[in-house]
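Reader: I have a few questions about how the descriptions of this model were reached. Could you take me through them, setting the values against the rules?

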Amino acid sequence: MFSRNDFSIWSILRKCIGMELSKITMPVIFNEPLSFLQRLSEYMEHTYLIQKASSLSDPAERMQCVAAFAVSAVASQWERTGKPFNPLLGETYELVRDDLGFRLISEQVSHHPPISAFHAEGLSNDFVFHGSIYPKLKFWGKSVEAEPKGTITLELLQHNEAYTWTNPTCCVHNIIVGKLWIEQYGTMEITNHRTGDKCVLNFKPCGLFGKELHKVEGYIQDKSKKKLCALYGKWTECLYSVDPASFDAFKKNDKKNTEEKKHSKQMSASEESDEMPMPDSESVFVIPGSVLLWRIAPRPPNSAQMYNFTSFAMVLNEVDKDMESVIPKTDCRLRPDIRAMENGEIDLASEEKKRLEEKQRAARKNRSRSEEDWRTRWFHQGPNPHNGAQDWLYSGSYWDRNYSNLPDIY
């Protein structure tokens, strides 16, 4: 990583309080050497949870695994304070992982607003996982909030089941001074469209004394709203399931203890601090009778020097000779500014980023002159087949490896 100490992000951001950030050009030093399309592929790190869900016969147990997968998909964001590169219109990324049993294709399908579409499938025809994300960024003075608008869909083919959800809001604190830290908050509602079961998970904001930092909890309920089980944990670490009665009893007791502590200390709620609260020393208290659904894989020992990447993220730019001869020229691995940054050439990365942005603007001007519309290559706009929301759906044929007439974006 490069040191960001010599750069004042405030000098750029002070003009944008309350504004949408997608139109602001940020210096490359604040980036990490990955495109947002590659960042999306990190949803797939814990694919084994989808495969496990497929193997289960009980729909409530399947929902537990799907919920664990949905939580695990945001776990790689922990401490990832570098900003991914904004994809260029028409940029693509593919990832084939035989060892994990999936292949994925993504494409930047719109520039204003920026929308990235992805489509992954199980190599043994067990699942399809797809979505389109429009990350709405807002700057609030001390923090940047990213609201990932868009539907995520998982289809378990053997069970003829589809699940949909949206991701929680992600917030990066201490943009101006102090150590950057990340929290996710909001409600994630996962719906099984075949059975009507729902899982409602609450990603908690950190609260005044950090007691709730990174916590996730909620219930799986059937279509008559009967609670089938409770889920709890931290999106940075693990997720457990337990029967609802044990969970409610634990919560009640926990609340009583907290209130007693409060009275004994007579805490004065000082003005809300923006410093990162220290999470409780015991990370997640395991309620007796709980079952572990997911635990995060440890990051490599040099992760902190490497943009806090996971082992999965570290290989996303790898290109070998065999791959180079088959991937399309729009693949992010071939993108010169990201390559330069990964190779430690920060000035070159900065020049290339500027050049690519200018090239993109010029191409847009030419299109508007000739009144020609941009055509996406691998995805088309349409309603999500399960919840009717506006979505981008995979058009097929990417893996036929016929890449004639691709746009020249780099």
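**From values to words**

Author: Let me begin with Glu189: leaving aside neighbours within four places in sequence, this residue is in contact with Thr164, Trp165, Lys198, Cys199 and Val200. Glu189 sits in strand β11, residues 181–192. Please keep in mind that this is a predicted model.

Reader: What makes Thr164 a contact of Glu189?

Author: The word contact asks for heavy atoms within 4.5 Å, and Thr164 is among the residues that meet this rule with Glu189. A C-alpha distance is another kind of value: Glu189 and Tyr163 are 26 residues apart in sequence and 9.9 Å apart in space, C-alpha to C-alpha.

Reader: Why is Glu189 called partly exposed?

Author: Its relative accessible area is 38%. Buried means under 20% and exposed means over 50%, with partly exposed in between, so Glu189 at 38% counts as partly exposed.

Reader: And Leu154, why is that residue called buried?

Author: The relative accessible area of Leu154 is 0%, and buried means under 20%, so Leu154 counts as buried. Leu154 belongs to strand β8, residues 152–156. Beyond four places in sequence, its contacts include Ile50, Val66, Phe129, Tyr163 and Trp165. Leu154 and Gly131 are 23 residues apart in sequence, with 8.8 Å between their C-alpha atoms.

Reader: Which class does Asp248 fall into, and why?

Author: Asp248 has 32% relative accessibility. That value lies between the 20% and 50% limits, so Asp248 is partly exposed. Asp248 is part of helix α5, residues 244–265, and touches Tyr219 and Lys227 when residues up to four places away are left aside. The C-alpha atoms of Asp248 and Ala230, 18 residues apart along the chain, are separated by 8.7 Å.

Reader: What makes a set of residues a nonpolar core, and which residues stand out in the largest one?

Author: Members must be buried residues of the listed nonpolar kinds, joined through side-chain atoms within 4.5 Å. The largest such core has 70 residues, and Met44, Phe129, Trp165, Ile190, Leu201 and Leu231 touch the most other members. Helix α4, residues 59–72, supplies the largest share of this core, with eight residues. In soluble globular proteins, nonpolar side chains tend to be buried together. Take Ile190: leaving out neighbours within four places, its contacts include Met63, Val66, Ala67, Ala70 and Trp165. There is also a second, separate core of 13 residues, among them Ala117, Trp392, Tyr394 and Tyr398.

Reader: How many of the residues in the whole protein count as buried?

Author: Of 410 residues, 51% do. The protein exposes about 19,700 Å², and carbon and sulfur atoms supply 52% of that area. The protein has nine helices and 18 strands. Among contacts between residues at least 6 apart in sequence, 61% join residues at least 24 apart.

Reader: Are Asn125 and Ser397 buried, partly exposed or exposed, and why?

Author: Asn125 has a relative accessible area of 61%; exposed means over 50%, so Asn125 is exposed. Ser397 stands at 42%, between the two limits, and therefore counts as partly exposed.

Reader: Where does the name "coiled-coil region" come from?

Author: The name comes from an unreviewed UniProt entry, which places the feature at residues 339–373. In the model this span is 80% helix and 0% strand, and its end C-alpha atoms lie 30 Å apart. The annotation may be inferred rather than shown by experiment.

Key
Residues numbered from 1 in each chain as written. Heavy atoms only, no water. Helix = DSSP H or I, 4+ residues; strand = E, 2+ residues; numbered from the N terminus. Buried < 20%, exposed > 50% of the residue type's maximum accessible area, 1.4 Å probe, protein only. Areas by Shrake-Rupley, 256 points an atom, 1.4 Å probe, with all protein chains shown as cover.
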